[in-house]
Amino acid sequence: MAEELKVIVFALGQEEYGIEVDKVRTIERMMPITRVPKTPAFVKGVINLRGIVIPVIDLRGRFGLEETAESDNSRIIIVAVNELEVGFIVDSANDVIDIMDDTIDVPPEVVGGIKAKYLSGVAKIGDNRLLILLNLSEVLNRSEIIQLEQFGE
């Protein structure tokens, strides 16, 4: 029997993506980000969120997509990856939806310029809407997690 999966829907450009709700801690408006030297270009820096220092990553940069200026709709989605909290900058965070796991297909090799290793699947919603589901453990690989953990120390 198919199980229901709750996901937060967010946008990068024209594409819609999803992250499982239980991996998301909070969604914040854009706030000042402190740059950290000697980090990959997609690591924008750190924020102080209620006394906790959280590294922030621009998902557009992570996926090799063209970076754009922030807008009023830009958000930072705070996710928990292997007990590390990380913020993802996205163009907008739209809503929470339920999808049935039997509507999720294996991702093709490349979707919208993003390599399949970063994706856990593609969900069909309705007749003409696709939702790309992120594989958070690959979006932040092991060595990057170790590097980011050092920010919090």
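Tutor: Let's start with a definition: accessible areas come from the Shrake-Rupley method with a 1.4 Å probe. For this predicted model, the accessible surface of the chain comes to about 8500 Å², and 48% of that belongs to carbon and sulfur atoms.

Student: What percentage of the chain's residues count as buried?

Tutor: Buried means under 20% relative accessible area. By that cut-off, 46% of the 153 residues count as buried.

Student: How confident is the predictor, and which elements have the lowest and highest mean pLDDT?

Tutor: The chain has a mean pLDDT of 84, with 86% of its residues at 70 or more. Among the elements, strand β10 (residues 110-111) has the lowest mean, 58, while strand β3 (residues 24-29) has the highest, 95.

Student: Now the sheets. What is the strand order in the open sheet of six strands?

Tutor: Read across it and you get β8-β1-β2-β13-β12-β9, with mixed pairing. The edge strands, β8 (92-100) and β9 (104-105), each pair on one side only. Inside this sheet, look at strand β2 (residues 15-20) and strand β13 (residues 129-134): they pair in the parallel sense over two bridges. Y17 has I132 as its bridge partner in β13.

Student: And what is the order in the open sheet of five strands?

Tutor: That one runs β3-β6-β7-β5-β4, again with mixed pairing. Here β3 and β4 are the edges, each pairing on one side only. From one strand to the next, the twist averages 30°.

Student: Which strands pair with β6, and in what sense?

Tutor: β3 pairs with β6 in the antiparallel sense over five bridges. In β6, E28 stands opposite I76, and the bridge partner of I27 is I77. β6 also pairs with strand β7 (residues 84-90), in the antiparallel sense over seven bridges. On that side, I76 stands opposite I89 in β7. β6 and β7 make a hairpin with two residues between them, and N82 in the turn has a positive phi of about 50°.

Student: How do I read the side chains of β6, and are they buried or exposed?

Tutor: In a regular strand the side chains alternate between the two faces of the sheet. In this case R75, I77, V79 and V81 point one way from β6, whereas I76, I78 and A80 point the other way, and all are buried.

Student: Why does K38 count as exposed?

Tutor: Exposed means over 50% relative accessible area. K38 counts as exposed because its relative accessibility is 81%.

Student: What about R50: where is it, and what is its phi?

Tutor: R50 sits in the loop between β4 and β5 (52-58). Its phi is positive, about 50°, although R50 is not a glycine. R50 has 64% relative accessibility, so R50 counts as exposed.

Conventions
Residues are numbered from 1 along each chain as its sequence is written. This is a predicted model: local features need pLDDT of at least 70, side-chain atom pairs count only at pLDDT 80 or more; totals for chains, interfaces and linings use all residues. Side-chain values use heavy atoms; hydrogens and water are left out. pLDDT is the predictor's confidence in each residue, from 0 to 100. Helices (H or I, at least four residues) and strands (E, at least two) are DSSP runs, numbered from the N terminus. Two strands pair if DSSP finds at least two bridges between them. Buried means under 20% relative accessible area, exposed over 50%, partly exposed in between (1.4 Å probe, protein chains only). Axes are lines fitted to C-alpha atoms, for helices over the stretch in contact, and angles run from 0 to 180 degrees between N-to-C directions.
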